[in-house]
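Dear colleague,

Please find below the sequence and structure that I am handing over to you. An account of what was found follows directly after.

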Amino acid sequence: MRKFDEMYEQLPPSGVGGPVRAHYQAYAQWLSQQSPEVMAARREEAEMIFRRVGITFAVYGDKDEDGSGTERLIPFDLIPRVIAAQEWKDMEAGLVQRVTALNRFIHDVYHGQDILKAGVIPREQIEGNAQFRPEMIGVDVPNNIYSHISGIDIVRAPDSAGKGEYYVLEDNLRVPSGVSYMLEDRKMMMRLFPELFSQHRVAPVAHYPDLLLETLRASSPATTAEPTVVVLTPGMYNSAYFEHAFLAQQMGVELVEGQDLFVKDDFVYMRTTRGPKRVDVIYRRVDDDFLDPKVFRSSSTLGCAGLMDAYRAGHVAICNAVGTGVADDKSIYPYVPQMIEFYLGEQPILKNVPTYMCRNDDDLQYTLANLKDLVVKEVHGAGGYGMLVGPAATKAEIENFRAALLANPAGYIAQPTLSLSSCPTFVESGIAPRHIDLRPFVLSGRTVQMVP
């Protein structure tokens, strides 16, 4: 299988060295002058600071010896991935195009359903989708934007000529996480290696919270010039709680839980020490099912009863919108290139990974015959759960998955295993290549914008 490395044009068997790509040359020269001892010391310093600040994430399913859940430091690498300015510009154009089409699609699904009438996407793919919310049909949202914060997962793999080509692996449009780690990692790099930032023209990312707040305010339905924005968190036991607290603090807005909110006369208020304060925009980090116990899961204590009434009345904005998940389901992913052509009349700039839809008999037969070579994913799965990585699976795992596929073909898609690009990484044994992906965060308000 061909390989592509971000830093080296050709990787020798050792995994390090060889001709360096043009945009990495100055960095490679600097790196060659750093001793392993200095790099190890810098990494220890980073871990100490991250631990002190509490930059962690919880891992569901992992347990310590005493049975409690585990919190881990966010993995941090000392060696940056360098993306050339023109390359980023091309990727940015592809991201703007894709997210614009996805927002048009979600609006269409809950309004005219033109794409279904045109037969581009089968109606049952939408109406039978677990993330489709009939409660949102006919509900108008500010600026017709549903996914205000989109996390688009991008990988690079070698093409037939051995050059790297970008592919979109997944669209995360519900409550995408991870941007706080990007911001904290950049801050750490500037602290550990200030000389690198004086030698290179590095595009800034620190203004992301300002762009986020601008995007959220732009979605406000209120006529007030100063809309009140809050971040709604499920609470401190959520895996991304650090991020919820971090972004609220960086934007200078309140971090609230469901119990801090109440609805009166179709308006949302938060309880404060000075009495109730009206809320105009909720940046929610809570899934649809838990947002309003009167409409969705009645046992939920994470949301706010009556929230959907206020939302449908146009008195509060919820970012991302309720029902957005219908567009980031893996069964809808294969149709995104057609959405771009349908809504924008353009050819997709960023490619999809070739995908077999197991609901189609031909695709199912191909998948069953090639399970050992494919990645098979549950269409409603997320975060790496409910999937089979054929080349890394045992015979028993493959046969179990075969039975699951035959029982519910429509519940799965399959994709070829891509040889993801590698980047030099500082590991225990020194510098070695490791496979990487990338999640740019795309903000959709009055305009579509992002930080590199």
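Which residue in E19 does Ser150 stand opposite? The residue facing Ser150 is Val442 in E19. Please bear in mind throughout that this is a predicted model.

The sheet

That pair of residues belongs to an open sheet of five strands, in which the order is E12-E4-E3-E19-E20 and the pairing is mixed. Strand E12 (351–352) and strand E20 (448–449) are the edge strands, each of which pairs on one side only. Helix H3 (residues 85–109) packs on this sheet and touches strand E3 (149–158), strand E4 (164–172), E12, E19 and E20. The direction of H3 makes about 130° with that of E3.

The contacts between neighbouring strands can be described one by one. E3 is joined to E4 by eight bridges, and these two strands run antiparallel. Within E4, Glu165 is the bridge partner of Ala157. E3 also pairs with E19, again in the antiparallel sense, over three bridges. Strand E19 (residues 441–444) is in turn joined to E20 by two bridges, with the two strands antiparallel. Here Leu443 stands opposite Gln449 in E20.

In soluble globular proteins, nonpolar side chains tend to be buried together. The largest nonpolar core in this model has 62 residues, and of these Phe105 and Met339 touch the most other members. At least two residues of this core are supplied by each of H3, helix H4 (114–117), E3, E4, strand E5 (229–232), strand E8 (267–270), helix H10 (307–312) and helix H11 (336–344). H3 gives the largest share, nine residues. Leaving aside residues up to four places away in sequence, Met339 touches Ala101, Leu102, Phe105, Ile115, Ile121, Ile332 and Leu344. Another core, of 51 residues, lies apart from the largest one; Ile49, Leu192, Met251 and Tyr283 are among its members.

Aromatic pairs

The model contains twelve aromatic pairs. One of them is formed by Phe262 and Tyr269, which are stacked at 5.5 Å centre to centre with 20° between the planes. Phe262 is partly exposed, with a relative accessible area of 22%, and Tyr269 likewise counts as partly exposed at 22% relative accessibility. Elsewhere, Tyr24, Tyr27, Trp30 and Phe193 form one aromatic cluster.

Cysteines

A disulfide is a covalent bond between the sulfur atoms of two cysteines. How many disulfides does the model have? The count is zero. A disulfide would require two cysteine sulfur atoms within 2.5 Å. The cysteine sulfur closest to that of Cys304 is in Cys319, 16 Å away, and therefore too far for a bond. For Cys319, the closest cysteine sulfur is in turn that of Cys304, at 16 Å, so a bond is ruled out by distance here as well. Cys304 is buried, with a relative accessible area of 4%, and Cys319 is buried at 0%.

With kind regards

Notes:
Residues are numbered from 1 along each chain as its sequence is written. This is a predicted model: local features need pLDDT of at least 70, side-chain atom pairs count only at pLDDT 80 or more; totals for chains, interfaces and linings use all residues. Side-chain values use heavy atoms; hydrogens and water are left out. Rings of Phe, Tyr and Trp (its six-membered ring) pair if their centres lie within 6.5 Å; planes under 30 degrees apart count as stacked, over 60 as edge-to-face and the rest as tilted. Buried means under 20% relative accessible area, exposed over 50%, partly exposed in between (1.4 Å probe, protein chains only). Two strands pair if DSSP finds at least two bridges between them. Helices (H or I, at least four residues) and strands (E, at least two) are DSSP runs, numbered from the N terminus. Contact means heavy atoms within 4.5 Å. Axes are lines fitted to C-alpha atoms, for helices over the stretch in contact, and angles run from 0 to 180 degrees between N-to-C directions. A nonpolar core is a set of buried Ala, Val, Leu, Ile, Met, Phe, Trp, Tyr and Cys residues joined through side-chain atoms within 4.5 Å.
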